[in-house]
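Hello,

Here is the model for you to look over. My notes follow below it.

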Amino acid sequence: EMCIRDRSEEAKIGVRNARQEANKDIKKTEASDDVKKDAEERVQKLTDKYIKQIDEVLAKKEAEILKV
């Protein structure tokens, strides 16, 4: 049985892998360097947002488990 911490780590890995794929696709485009940099920054902000959400859900679930 996977514990909640393992599942959250798997979710984070999935988010990071998606970031890597997006950044690879951005680099392949023929857009200007400024546009590419802006896109990579937006991808990073989304990555940070989802990692934070995963951490928040983990903390909430761990707190629920401790109450039992």
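Helix α1 covers residues 4-28, which is 25 residues. From its first C-alpha to its last, α1 reaches 37 Å. That is close to the 36 Å expected at 1.5 Å a residue, where the expected span is 1.5 Å times one less than the number of residues.

The model is predicted: local features need pLDDT of at least 70, side-chain atom pairs count only at pLDDT 80 or more, and totals for chains, interfaces and linings use all residues. Residues are numbered from 1 along each chain as its sequence is written, and side-chain values use heavy atoms, with hydrogens and water left out.

Which residues of α1 are buried? They are S8, K12, V15, N23 and I26. Buried means under 20% relative accessible area (1.4 Å probe, protein chains only). These buried residues pack against α2 (33-67).

Now the whole chain. The protein chain has two helices and zero strands; helices are DSSP runs of H or I, at least four residues, and strands are runs of E, at least two. The radius of gyration is 16 Å, well over the 11 Å that the globule rule gives for 68 residues, so the chain is more spread out than a compact globule. That radius is taken over C-alpha atoms, and the rule is 2.2 Å times the number of residues to the power 0.38. The C-alpha atoms fill a box of roughly 55 × 20 × 5 Å along the principal axes.

Buried residues make up 18% of the 68. Among contacts (heavy atoms within 4.5 Å) between residues at least 6 apart in sequence, 62% join residues at least 24 apart.

Best wishes

Notes:
Buried means under 20% relative accessible area, exposed over 50%, partly exposed in between (1.4 Å probe, protein chains only).
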